Amino acid sequence: MERPWWHEAVVYQIYPRSFMDSNGDGIGDLDGVTARLDYLSWLGVDVIWLCPIFRSPNDDNGYDISDYQGIMAEFGTMADFDRLLAEAHRRGMRVILDLVLNHTSDEHPWFIESRSSRDNPKRDWYVWRDGRNGREPNNWASIFEGSAWKLDPATGQYFLHLFSERQPDLNWENPSLRQAMYDMVRWWLDKGIDGFRIDAISHLKKAPGLPDLPNPHRLRYVPSYDMHMNQPGVLDFVDELSRETFQRYDIMTVGEANGVSPAQAVEWVGGEHRRLSMILQFEHWTLWSRDPHAGLDVVALKRIFGRWQRTLHERGWNALYLENHDLPRVVSRWGDPQRFRYESATALATMYFLMEGTPFIYQGQELGMANTVFHSLAEFDDVFARNRIAQMRAEGRDDSDILAELALAARDNSRTPMPWDDSANAGFSSAEPWLRINPEYRAVNVAAQRKADRSVLHFYRRLIALRAAEPALIHGRYDLLLERNRQIYAYTRTLGDRGFLIMCNLTSREARYRHRHLPLRHDALALANQEVPAHPVVMQCVLRPFEARVYRIDPT
Ligand code: GLC
Ligand code: CA
């Protein structure tokens with residue numbers, strides 16, 4: 001298999017609104033990112049993924065784009081972007097942008113034209129339908145709650161919006177729309193950016209005829225009853241997009257591909273197709289979202305990750321991640337921020353980071369940030385949360401109940417400003433930030449963790465350095481050990497005569513590792529998140545709560 005540069009890369013995801021404010025308006029911006037590039041370079045990351053930076057009315061914080069080739073006013077100017085790109089390149093880092101192809105803002109000139117009359121040439125660039133018996137054209141629910149349709153009184157038709165009603169879906173069946181998108185994509189690539197993360201790419205294709213769902217759950221979105229996710233034909237769009245744009249450049253592309261299975265993923269990222277470099281899969285989300293109160297099911301996690309590892313080995317490539325701007329913080333989901341913040345953040349890090357694939361770190365994850373604290377429903381900013389609140393109130397649920405649910409699940413949890421130090425506003429801004437700072441910032445911040453001897457931040461830095469130095473940790477084969485063990489996630493990575501054994505106790509109870517590769521030599525220890533007793537030969541490993549160790553092994 002070919003070995004492109006992005007196999008070796010570590011990606012750092014930035015939510016620009018919350019990363020660093022350079023001009024004191026309480027909103028993060030591009031100059032703020034540029035000002036923190038030295039931090040990212042110290043950490044050791046290779047690629048920066050910027051969540052949308054384009055002009056937008058911010059109904060969904062930039063995922064509603066009104067000008068694909070303009071910079072959001074609050075974030076700065078195109079000159080600021082060019083400087084950010086040049087400064088990143090000068091430090092040997094690359095920059096990928098978020099490419100939102102499924103929908104635009106309702107303020108995009110295309111949509112304004114499209115809605116202006118039924119025979120406007122851009123009418124067909126969006127999905128318009130007549131109502132049915134005075135109601136929506138079909139029973140689809142929006143992913144952000146409520147119907148997926150909105151009536152536009154001026155022309156008497158409904159438009160489709162899978163996300164918020166201010167994010168009308170584009171009609172990918174229309175060839176001129178597709179060409180306009182390819183022009184825009186090439187324009188950015190010609191500017192010298194290093195690739196894209198492609199938003200909601202598995203939603204581009206809608207089932208022909210837009211049929212009703214067989215089992216409507218009223219207006220609640222249920223992914224398994226879905227006619228717009230990973231539909232037959234979606235790959236034709238991906239394929240054409242890729243041939244017209246990506247394949248002409250040496251770039252990295254990562255598709256957000258909810259619903260795509262590991263077996264299907266080969267078609268998306270398989271080396272022979274070259275359609276995308278990798279995809280972000282969603283399967284491990286389900287382990288948490290089904291019951292946010294149940295602890296992590298370690299066995300199920302191994303099953304899910306294992307399937308992706310095995311299926312794509314030597315045929316494609318994985319994107320590895322635990323956090324992003326759509327999920328609550330992982331130490332709050334699967335770790336124990338009260339008793340074992342450092343241990344659980346670093347054990348979870350070790351577990352996913354050394355698998356086969358390109359690891360992604362979401363800003364603040366490298367500090368072990370936990371969910372924030374919400375005091376009232378008014379504090380939620382996210383459009384999805386606001387829609388949920390309205391929906392749950394309409395269902396008659398009381399506010400404290402709603403608050404309890406959203407405090408666990410809301411996307412705002414991971415969108416709080418980056419805590420740089422313990423000064424006012426966490427060093428993020430000289431003004432009050434657009435979203436309240438996580439109250440624990442005085443203890444959990446970059447400056448404090450850089451100073452400390454032992455911190456989640458230092459551990460991530462060592463993890464990145466270890467991976468970068470060891471081809472077996474990048475290209476080696478993944479083999480799972482202890483498949484049925486309910487506490488320990490253990491696996492090996494092997495490449496020729498080099499090998500590593502990774503073992504992570506993902507629970508708050510002691511766990512015993514008794515297995516192959518024992519005894520281990522203490523001097524073969526490559527990384528550990530806790531002090532390991534220096535007995536020269538380790539006969540059996542007793543792993544403390546959330547203890548993680550990485551040993552060199554001889555696979556031959
Ligand atoms: C993706 C983004 C999410 C956004 C949605 C609509 O899932 O990650 O933040 O709200 O698409 O663009
Ligand atoms: Ca600002």
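Let's start with helix 15 (residues 456-469), which lies across strand 19 and strand 22 and runs at about 150° to strand 19. Helices here are DSSP runs of H or I with at least four residues, strands are E runs of at least two, and both are numbered from the N terminus. Angles run from 0 to 180 degrees between N-to-C directions, with axes fitted to C-alpha atoms, for helices over the stretch in contact. Keep in mind that this is a predicted model, where local features need pLDDT of at least 70, side-chain atom pairs count only at pLDDT 80 or more, and totals for chains, interfaces and linings use all residues. Residues are numbered from 1 along each chain as its sequence is written, and side-chain values use heavy atoms, leaving out hydrogens and water.

Now for the sheet itself: five strands in the order 14-15-16-22-19, open, with antiparallel pairing. Strands pair if DSSP finds at least two bridges between them. Strand 14 (477-481) and strand 19 (525-528) are the edges, each pairing on one side only. Inside the sheet, six bridges join strand 16 (residues 498-505) to strand 22 (residues 548-553), and Ile502 stands opposite Val550 in strand 22. Helix 9 (residues 298-312) lies across strand 14 and strand 15 (488-495), at about 20° to strand 15.

Over to domain 2 (109-160) and domain 3 (375-409), whose bounds come from an automatic or database domain assignment. Four residues of domain 2 are in contact (heavy atoms within 4.5 Å) with five residues of domain 3. Glu145 forms a salt bridge with Arg388, the closest N and O atoms being 3.1 Å apart; the rule asks for a side-chain nitrogen of Lys or Arg within 4 Å of a carboxyl oxygen of Asp or Glu.

Terms used. Chains are lettered from A and ligands numbered from 1 in the order in which they are written.
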